[in-house]
Amino acid sequence: MSDAYWVPEGVDITVPDASRVYDYALGGVHNFAVDREFWHRAEAAFPGAGLVARANRAFLGRAVRWLANAGVRQFLDIGSGIPTLGNVHEVAQEANPDARVMYVDLDPIAVQQSRSLLTGNPYARVIEGDLRKPDSILYHPDVLQLLDFAEPVAVLTVAVLHFVPDEAEPATIVERIGESLVGGSFLVISHLGPAVTPDGRKQQEKARQLYEKTPTPVVIRDAGEIADLVGDQFELIEPGIVSATDWHPDPDEADDPPQPTALVTIARKR
Ligand SMILES: C[S@@+](CC[C@H](N)C(=O)[O-])C[C@H]1O[C@@H](n2cnc3c(N)ncnc32)[C@H](O)[C@@H]1O
């Protein structure tokens, strides 16, 4: 139970939740002691985890700006998280004021906070949805009302596919999403990748084990495995699958420490 007025009925705040932990990692306020303690343990196990989270978020902003500048006017952001700085609709609508943004998240708090932020914005909406059931997203009436799948759509899966275990067949999920998109659409992926050094991998494994105690355990995949998720329907755009910090860094980010465990890519539907 919580006294916080913004916690929707039925949300369990006694176990850490991926969206609230990430919110805390980025300096947000929609989290609880259990999330903060979890993050401190994860950072102690894998020092620099905060830099990974920030590198991921910075990539998201650059990717959306890049897509908007490439003329994309529709975004489907799956695993969108609790709103924080540089939300997708803010970046996309700065470039194209009528850009459509559909947010989807598993977490009712992320959905509620997004809904309240989006009040009065006719071109941005949110639904509760599960990436593991792509058809429930792709055929959701709100999604079909906001997005026109006869035109290109950028599907964002940023820091979410690593929450989809192999048993849930992530490649089949991405394939299904790809089938719903016209040529010229885009797929954006950010995914936890393996640390480079043996020591780093040991630290990362400790942090990964912590996530096993949450409702959303983490799967680390390397660049080859991420390429397999992308599949044949999409072609990777330059620079391919790289560290988030290496994906078209802004001039003021050129000296940011590299984050090889945040692997990212943008791919175009053939
Ligand atoms: C680390 S946050 C990333 C937020 C945002 N995409 C970003 O990169 O800044 C991951 C989000 O994915 C959501 N999530 C995890 N598994 C999901 C699933 N199967 N379907 C939809 N959302 C999911 C979590 O609730 C959380 O809000």
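Reader: At what angle do helix H8 and helix H10 pack?

Author: Two packed helices are described by the angle between their axes and the distance between the axes. Here helix H8 (residues 170-179) meets helix H10 (residues 223-230) at about 40°, and their axes are 7 Å apart. Axes are lines fitted to C-alpha atoms, for helices over the stretch in contact, with angles from 0 to 180 degrees between N-to-C directions. Helices (H or I, at least four residues) and strands (E, at least two) are DSSP runs, numbered from the N terminus. The model is predicted: local features need pLDDT of at least 70 and side-chain atom pairs pLDDT 80 or more, while totals for chains, interfaces and linings use all residues. Residues are numbered from 1 along each chain as its sequence is written, and side-chain values use heavy atoms, without hydrogens and water.

Reader: What is the orientation of H8 and H10 to each other?

Author: H8 and H10 are oblique to each other. Under 35 degrees counts as roughly parallel, over 145 as roughly antiparallel, 65 to 115 as roughly perpendicular, and the rest as oblique.

Reader: Which residues make the contact?

Author: Contact means heavy atoms within 4.5 Å. H8 supplies Pro170, Ala171 and Val174; H10 supplies Asp228, Leu229 and Val230. Five are nonpolar, none polar and one charged. Ala, Val, Leu, Ile, Met, Phe, Trp, Tyr, Cys and Pro count as nonpolar, Asp, Glu, Lys and Arg as charged, and the others, Gly among them, as polar.

Reader: Now the aromatics. How many aromatic pairs are there?

Author: A pair of aromatic rings is described by the distance of the centres and the angle of the planes. Rings of Phe, Tyr and Trp (its six-membered ring) pair if their centres lie within 6.5 Å; planes under 30 degrees apart are stacked, over 60 edge-to-face, the rest tilted. The count by this rule is six aromatic pairs. Take Phe38 and Tyr211: the centres are 4.8 Å apart and the planes at 85°, so this pair is edge-to-face. Phe38 is in helix H2 (residues 33-45) and Tyr211 in helix H9 (residues 198-211), so the pair ties together parts 173 residues apart in sequence. Phe38 and Tyr211 are buried. Buried means under 20% relative accessible area, exposed over 50%, partly exposed in between (1.4 Å probe, protein chains only).

Reader: What geometry do Phe59 and Trp247 have?

Author: Phe59 and Trp247 are edge-to-face, 5.4 Å centre to centre, with 85° between the planes. Phe59 sits in helix H3 (residues 49-69) and Trp247 in the loop between strand E7 (242-243) and strand E8 (262-269), so parts 188 residues apart in sequence are tied together. Both residues are buried. Phe59, Trp66, Phe186 and Trp247 form one aromatic cluster.

Reader: Which residues does Asp250 touch?

Author: Asp250 is in the loop between E7 and E8. Leaving out residues up to four places away in sequence, Asp250 touches Arg62 and Arg65.

Reader: Where are the backbone exceptions?

Author: Most residues other than glycine have a negative phi, and most peptide bonds are trans. A cis peptide bond joins Glu238 and Pro239, with omega about 5°. Pro239 is in the loop between strand E6 (234-236) and E7. Ala159 has a positive phi, near 60°. Glu169 has a positive phi of about 55°.

Reader: Is Ala159 buried or exposed?

Author: Ala159 is buried, at 17% relative accessible area. Glu169 is partly exposed, at 45%.
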